[in-house]
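Subject: Structure for your review

Hello,

Here is the structure we talked about. My notes on the ligand and metal sites follow below it.

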Amino acid sequence: ILRDITGKKMAEERLRLTSKVFENTVESIIITDAKQKILQVNEAFTRITGYRPEEVTGKTPDILRSGWHDEKFYKEMWNSVNQKGMWQGEVWDRRKNGEVFAGQLTISAIKDEKGSVRNYVGLFYDITEKKRTEERIQHLAYYDALTNLPNRSLFYDRLGHTLASSQRYRRLVALMFLDLDNFKIINDTLGHHVGDMLLKACAGRLTECLRKDPTVARVGGDEFTVILANIKDPRDAVVVSERINGVLSKPFTLDGHEVFVTSSIGISLYPDDADNVQTLVMNADTAMYHAKGQGGNRYQFFSKALNVKARERLRMGTLLRHALEKDEFLLYYQPEVDLKTGLITGHEALVRWQQPGVGLTPPAEFIPVAEETGLIVEIDEWVLRRACTQTRAWHEDGYDTLRVAVNFSGLHLRDEKTVEMVSGVLKETGLDAGYLELEITEGVLMENVEMTVKMLNKLKSIGVRLSVDDFGTGYSSLNYLKRFPIDKIKIDQSFVRDITTDSDDAAIVKTIITLAHSLNCKVIAEGVETEEELEFLRSNGCDEVQGYYFSRPLPPEEFEKFLKEGKKIRRKSIA
Ligand code: C2E
Ligand code: MG
Ligand code: MG
């Protein structure tokens with residue numbers, strides 16, 4: 001008797017425990033009979049689904065169906081439960097209030113000694129939040145937050161899929177790489193929030209004009225890609241490029257500013273130009289660079305020739321690295337002449353690259369490569385040292401008012417060590433700072449106005465002069481120009497070229513002269529080749545000129561001869 005009671009007590013205790021677990025567990029539990037009629041549910045079930053026990057007993061769990069899964073889904077689920085005794089997976093169900101939720105569900109079949117099903121037990125918990133977070137993360141990982149376009153990863157993913165299916169069906173794919181031409185300037189002058197608005201607006205126009213099927217993605221700052229899958233002819237890509245350039249070139253009004261952009265588009269074709277994702281992307285990028293190099297606002301198909309050019313640049317980068325050590329650079333000097341006095345006021349130092357067995361490479365070919373690789377910083381320093389040394393020597397020969405103009409890459413403006421470097425070279429060579437003029441191109445000045453103003457002021461404070469090179473080719477704003485401590489403006493030769501034949505250019509040059517004087521700057525015109533050009537510039541108040549009319553850039557020995565003929569120059573310039 002005693003033992004019986006103990007057994008009964010233990011059984012009761014177990015039952016009490018089981019029912020406590022049943023009630024308190026966070027997972028929702030449903031127990032049904034063999035016909036799937038609900039016998040019992042726990043508190044968690046009510047909390048998750050909204051149904052009280054008396055509302056569901058006697059019904060089947062089908063009341064929870066959301067309609068998100070088809071019949072096949074449930075059939076396979078129950079097949080698995082009946083055959084393997086269990087099913088596990090994610091189910092989208094519906095709460096009493098109509099809301100759909102995601103549950104992680106396990107169903108087990110409970111069998112009697114004979115092996116036939118007595119009960120089913122369903123155990124599930126709410127994973128809706130987890131699912132939502134997953135989706136958000138998924139979205140963040142594959143979409144650009146600013147424009148909501150697919151990002152770089154998704155772009156590569158889709159391109160991979162597109163190529164795979166095109167290969168199967170032998171179809172043509174065009175990949176277009178698109179880069180906004182003047183985004184940087186807009187971003188730097190009007191601020192990042194206008195820049196962001198512009199990117200969004202561009203994304204909007206792109207998706208709208210490519211509505212039908214192509215995939216637009218944003219793969220970098222101002223870089224977009226378009227995949228044209230399944231085209232019949234490369235000319236389809238031309239049509240799309242022209243449409244894109246058309247919609248982008250209409251003015252944007254952003255935060256009260258009217259903004260204009262153009263784009264450069266590189267196109268590469270599969271399978272003609274490349275048979276894999278990497279090469280296709282690289283080729284489109286190369287073509288885009290080429291379009292940009294041609295002045296932008298255009299499209300360019302990839303070609304083998306472009307690839308050769310790209311490789312050539314790569315090779316040149318390597319050669320340039322050794323050019324400094326091998327002492328392969330030379331300096332030529334071109335005089336700058338004062339139009340009132342006819343005196344040579346100074347000279348511009350122009351670098352030349354002389355490779356044994358190759359000959360002279362013009363700076364227009366290697367300076368851009370040196371800029372890209374950052375090597376220009378060292379080249380410029382070498383030029384600066386050599387030019388200052390030379391000018392100091394000419395001062396000692398009696399030409400002691402000569403100023404030297406040295407071209408200064410935009411990269412120096414971002415380099416902390418620039419001021420120290422320049423003052424170091426001046427000290428080392430003994431040239432007075434007032435005789436050194438640093439030429440910075442107009443485009444570079446406008447790239448990052450705040451930083452530029454700071455750097456230019458620092459340079460000014462050590463006594464060097466500053467001049468703006470290639471003026472007229474950039475996008476200066478008078479507002480900013482006023483803030484730069486500049487001494488001289490150099491009118492770009494492209495305007496001088498047509499000064500006597502093109503009334504627009506003549507008007508631009510006159511305006512630049514007036515503008516420069518109003519900013520208290522001297523004006524020099526470069527690329528002066530004829531007497532007519534000289535006459536025009538003189539009569540419109542230009543202070544100085546530089547150009548073949550007086551002299552081509554000369555090696556130092558010849559420049560010395562030129563200095564000795566000073567009188568002749570005077571006659572030629574003030575006649
Ligand atoms: P830039 O500073 O605008 O130099 C003027 C260019 O115009 C020089 O070309 C000069 O030879 C050329 N030129 C001068 N007068 C005339 C003329 O009457 N007619 C014509 N058709 N051309 C004329 P260059 O020497 O080929 O230099 C090209 C550019 O390379 C320079 O343009 C400058 O931006 C860059 N560069 C040259 N040397 C250096 C350097 O040491 N450092 C840096 N960063 N850039 C340099
Ligand atoms: Mg220059
Ligand atoms: Mg120039």
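In this predicted model, the side chain of Asp470 places an N or O atom 3.1 Å from an oxygen atom of ligand 1. Asp469 also makes such a contact, with 2.8 Å between a side-chain N or O atom and an oxygen atom of ligand 1. On Asp380, a polar side-chain atom is 2.7 Å from a nitrogen atom of ligand 1. On its own, ligand 1 has 800 Å² of accessible area, and the protein covers 84% of that.

The shell takes two or more residues from each of strand S14 (344–355), helix H12 (363–373), helix H13 (376–396), strand S18 (465–471) and helix H18 (493–497). S14 gives the largest share, four residues. By type, the shell residues are nine nonpolar, six polar and nine charged. There are 24 residues around ligand 1, and those that come nearest are Asp380, Asp469, Gln493, Glu529 and Tyr548.

Asp469 also belongs to the metal site. Together with Glu348 (OE), Asn407 (OD1) and Glu439 (OE), Asp469 (OD) coordinates the magnesium ion (ligand 2) at 2.0 to 2.2 Å. Along the chain these donors are spaced as E-x58-N-x31-E-x29-D. A distance of 4.2 Å separates the magnesium ion (ligand 2) from the magnesium ion (ligand 3), and Asp469 coordinates both. Glu439, in strand S17 (residues 436–441), and Asp469, in strand S18, are 30 residues apart, a pair that links distant parts of the chain. Both Glu439 and Asp469 are buried.

Regards

Technical notes:
Residues numbered from 1 in each chain as written. Chains lettered and ligands numbered in written order. Predicted model: local features only at pLDDT ≥ 70, side-chain atom pairs only at ≥ 80, totals over all residues. Heavy atoms only, no water. Near = heavy atom within 4 Å. Polar contact = N/O pair within 3.5 Å; in protein donor to acceptor, adjacent residues only side chain to side chain. Areas by Shrake-Rupley, 256 points an atom, 1.4 Å probe, with all protein chains shown as cover. Nonpolar A, V, L, I, M, F, W, Y, C, P; charged D, E, K, R; others polar. Donors = N, O, S within 2.8 Å, 3.2 Å for Na, K, Ca; no water. Buried < 20%, exposed > 50% of the residue type's maximum accessible area, 1.4 Å probe, protein only.
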